Amino acid sequence: MTAIAPNAKILVINVARIGDTLLTTPVLRAIRAVCPAGWLECLAHPKRVSVLEGVPWVDRLGVVTPKRARWRGWFSPRTWDYAIVYGRDAPLIRYAARIAHKVIAFEQGDSALDRLLWRAVPLPGQREQMHVVHEHQLLPAALGIETDDYRLAYFCSDVELEEARVWLARQAPGAARLVGFQVASFPTKSYRDWPLENFAALGRRILDRYPESRLIVLGGGESVERAGRLRQQLGERVAIAAGQMNLRQSAALIRHLDLYVGVDTGPTHLAGALGVPMVALYHCFHRAHRLAPLGHGLLRAIDHPRPDIDCNRGVPMSEIGVDTVWEAATELLRARRNDAMAYFS
């Protein structure tokens with residue numbers, strides 16, 4: 001086992017979507033714990049680097065893409081002791097090898113690339129089905145860095161939280177309960193979407209049972225049309241945030257929710273990192289045991305009922321019934337919100 005110096009300089013490169021960016025935050029926490037006097041820098045995708053803003057364990061953030069990496073580091077000294085690279089992008093591996101003395105990554109399936117690695121870590125097979133956080137932890141483990149704290153992390157600024165509070169005061173005045181709906185995943189994985197009529201039925205039950213509540217429809221541009229249809233069905237107690245906010249503004253809004261209900265996509269990972277009470281719906285092709293937030297005090301993860309042997313991308317999410325989600329939602333609405341929030345503070 002490698003003994004890493006407490007003042008080691010470590011670069012983490014993770015060019016990924018929102019969820020996979022958040023899923024490496026336990027790794028960053030673990031690195032800082034082992035290297036309290038070191039320097040930790042992260043390079044992320046330009047559109048996702050904001051996910052890591054305010055993370056206290058990171059000394060500096062930067063951006064990179066595989067295309068940009070081709071032209072970087074050719075005339076720079078190797079200033080990093082270690083570079084940890086996620087994914088299988090040859091330009092990122094080669095860039096890391098130019099600027100770091102030792103590079104750790106998963107096996108690349110290319111012998112020339114693997115020879116550039118100080119540690120080429122075998123990627124777990126399909127049968128192992130370990131949680132993605134544990135999978136990500138395999139790379140720092142090659143440096144002897146271990147952890148038992150697998151909670152995701154995201155940090156809102158005070159300014160962001162106040163701006164979200166003002167928006168909610170305008171759009172959902174007098175609401176005693178705020179329930180957020182994430183009604184769509186990104187278009188290339190729309191098979192993970194729960195039918196809008198199911199969200200409408202769930203929303204109607206929530207508004208009938210808790211008339212002082214308000215529904216907030218979250219999401220990006222992909223959710224705008226569905227958000228409008230939901231409001232047409234449920235009326236003015238539905239406020240639409242979809243398509244109106246950037247990632248960090250949306251996260252601050254989620255932080256104020258009493259309950260989040262969403263399909264498996266980026267904002268659902270954000271809700272998990274923020275510790276809000278949440279119901280998360282998972283397609284059988286992407287099970288909760290791989291993706292659901294770990295260590296979350298008030299999470300109800302609902303898996304598609306279809307067994308894996310009968311699963312494919314064409315299996316409809318409508319097979320998750322409204323009654324199942326309603327039962328989980330009401331259980332969380334009865335629970336004390338502060339129990340989870342204190343755990344994540």
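Arginine 248 is buried, with a relative accessible area of 8%, where buried denotes under 20% relative accessible area, exposed over 50% and partly exposed in between (1.4 Å probe, protein chains only). The model is predicted, so that local features need pLDDT of at least 70 and side-chain atom pairs count only at pLDDT 80 or more, while totals for chains, interfaces and linings use all residues. Residues are numbered from 1 along each chain as its sequence is written, and side-chain values use heavy atoms, with hydrogens and water left out.

Arginine 248 takes part in a salt bridge with glutamate 53, with 3.5 Å between the closest N and O atoms; a salt bridge is defined as a side-chain nitrogen of Lys or Arg within 4 Å of a carboxyl oxygen of Asp or Glu. Because arginine 248 belongs to helix 10 (residues 247–255) and glutamate 53 to the loop between strand 2 (39–44) and strand 3 (60–63), the pair ties together parts 195 residues apart in sequence. Helices (H or I, at least four residues) and strands (E, at least two) are DSSP runs numbered from the N terminus. Glutamate 53 is partly exposed, at 36% relative accessibility. In total, the structure holds 15 salt bridges.

A salt bridge also joins the side chains of arginine 177 and glutamate 212, at 2.2 Å from N to O. Here arginine 177 lies in strand 7 (residues 177–182) and glutamate 212 in the loop between helix 8 (196–209) and strand 8 (213–218), so distant parts of the chain, 35 residues apart, are linked. Arginine 177 is partly exposed at 23% relative accessibility, and glutamate 212 is partly exposed with a relative accessible area of 27%.

Aspartate 308 pairs with arginine 287 in a salt bridge whose closest N and O atoms are 2.8 Å apart. Arginine 287 is buried, with a relative accessible area of 10%. A network of salt bridges links Arg29, Asp149 and Arg151.

Helix packing was examined for helix 8 and helix 13, which pack at an angle of about 40° with their axes 10 Å apart. Axes are lines fitted to C-alpha atoms, for helices over the stretch in contact, and angles run from 0 to 180 degrees between N-to-C directions. Helix 8 and helix 13 are therefore oblique to each other, the class left after roughly parallel (under 35 degrees), roughly antiparallel (over 145) and roughly perpendicular (65 to 115).
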